[in-house]
Amino acid sequence: MKLKTLISAAALTLATAGMAQANTYVIDPTHTFVNYEVSHFGTSTNRGRFDKKEGTVTFDRSAKTGKVEVVFDLKSVSTGVAPMDKHLQSADFFDTANHPSAKFVGDKFVFSGDKVTAVMGMLTLRGKTLPVTLKASNFNCYDNPMFKREVCGGDFETTIKRSQWGVNYGLEFGIPDDVRLEIQIEAIKQ
């Protein structure tokens with residue numbers, strides 16, 4: 001009976017220790033950016049970003065697991081050209097009257113050693129949720145001297161076909177379907 005109790009206690013301790021390794025991080029909006037790029041009729045590249053974003057990351061380096069949730073306010077789109085920003089907010093593109101935000105939820109982290117190389121998850125845009133894989137071109141954790149806490153982050157990117165989310169404006173006259181998303185993220189351990 002005592003051996004059974006000891007084994008159960010040991011199993012509980014190991015399970016609890018594994019859970020204790022997962023840390024929660026809050027996205028630092030001053031070091032997190034959601035940008036996009038789309039070709040402009042094969043001549044140049046149109047770029048924009050979303051200025052308002054928030055989210056959390058749960059990360060367990062030893063178990064090589066994690067979850068990230070990033071919400072970006074589509075009304076905060078910024079191209080540097082006010083009329084273009086208004087058009088992007090219209091029903092032709094983001095339809096912010098009905099869908100004011102987009103959300104990425106990544107629940108599968110891919111590792112190479114201790115480094116995150118990709119995050120697989122779902123992107124919700126205009127009410128549609130589809131799978132997306134963000135590939136990391138950079139990832140690191142460090143002790144931030146200003147916050148006196150660990151900060152983890154990196155640069156992630158993917159290319160999506162906007163038509164999959166119902167963003168079809170201009171396809172018939174040459175605005176490309178492919179949109180490159182770049183997410184630079186830093187999150188502070190809580």
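## An enclosed cavity

A search of the whole structure, which is a predicted model, finds 1 cavity of 30 Å³ or more. The volume of this largest cavity is about 210 Å³, and 17 residues line it, with Val57, Val68, Phe109, Phe156 and Ile185 the closest to its centre. Two or more lining residues come from each of strand E4 (53–60), strand E5 (65–73), strand E7 (101–112), E8, strand E9 (128–144), strand E10 (149–161) and E11.

Sorted by class, the lining of the largest cavity consists of 16 nonpolar residues and 1 polar residue, with no charged residues.

## Val57 and the nonpolar core

Val57, already named among the residues closest to the centre of the largest cavity, also belongs to the largest nonpolar core, which has 38 residues and in which Val57 and Phe59 touch the most other members. Strand E11 (residues 178–189) gives the most to this core, contributing 5 residues.

Which residues is Val57 in contact with, once its neighbours within four places in sequence are left aside? They are Asn23, Thr24, Tyr25, Ile27, Lys67, Val68, Phe109, Ile185 and Ala187. Among these contacts, Val68, Phe109 and Ile185 are also listed with the residues closest to the centre of the largest cavity.

## The largest pocket

The largest pocket holds about 470 Å³ of space and is lined by 23 residues, of which Tyr36, Val38, Leu88, Phe93 and Arg162 lie nearest its centre. The elements giving two or more residues to this lining are strand E2 (33–40), strand E3 (44–50), helix H2 (82–89), strand E8 (115–125) and E11, and E2 supplies the largest share, with 4 residues.

By class, the lining of the largest pocket comprises 18 nonpolar, 4 polar and 1 charged residues. Strands E8 and E11 each give two or more residues to the lining of the largest pocket, and each of them likewise gives two or more to the lining of the largest cavity.

## The chain as a whole

The chain that carries these features has 2 helices and 11 strands, and along the sequence these elements follow the pattern α-β-β-β-β-β-β-α-β-β-β-β-β. Of the contacts between residues at least 6 apart in sequence, 57% join residues at least 24 apart.

Buried residues account for 36% of the 190 residues in the chain. The accessible surface of the chain comes to about 10,900 Å², and 58% of that surface belongs to carbon and sulfur atoms.

Notes:
Residues numbered from 1 in each chain as written. Predicted model: local features only at pLDDT ≥ 70, side-chain atom pairs only at ≥ 80, totals over all residues. Heavy atoms only, no water. Buried < 20%, exposed > 50% of the residue type's maximum accessible area, 1.4 Å probe, protein only. Contact = heavy atoms within 4.5 Å. Areas by Shrake-Rupley, 256 points an atom, 1.4 Å probe, with all protein chains shown as cover. Core = buried A, V, L, I, M, F, W, Y, C linked by side-chain atoms within 4.5 Å. 1 Å grid on protein atoms, 1.4 Å probe; cavity = no way out; pocket = protein on both sides within 12 Å on 5 of 7 lines; lining within 4 Å. Points joined across faces, edges and corners; volume = space filled by probe spheres on them. Nonpolar A, V, L, I, M, F, W, Y, C, P; charged D, E, K, R; others polar.
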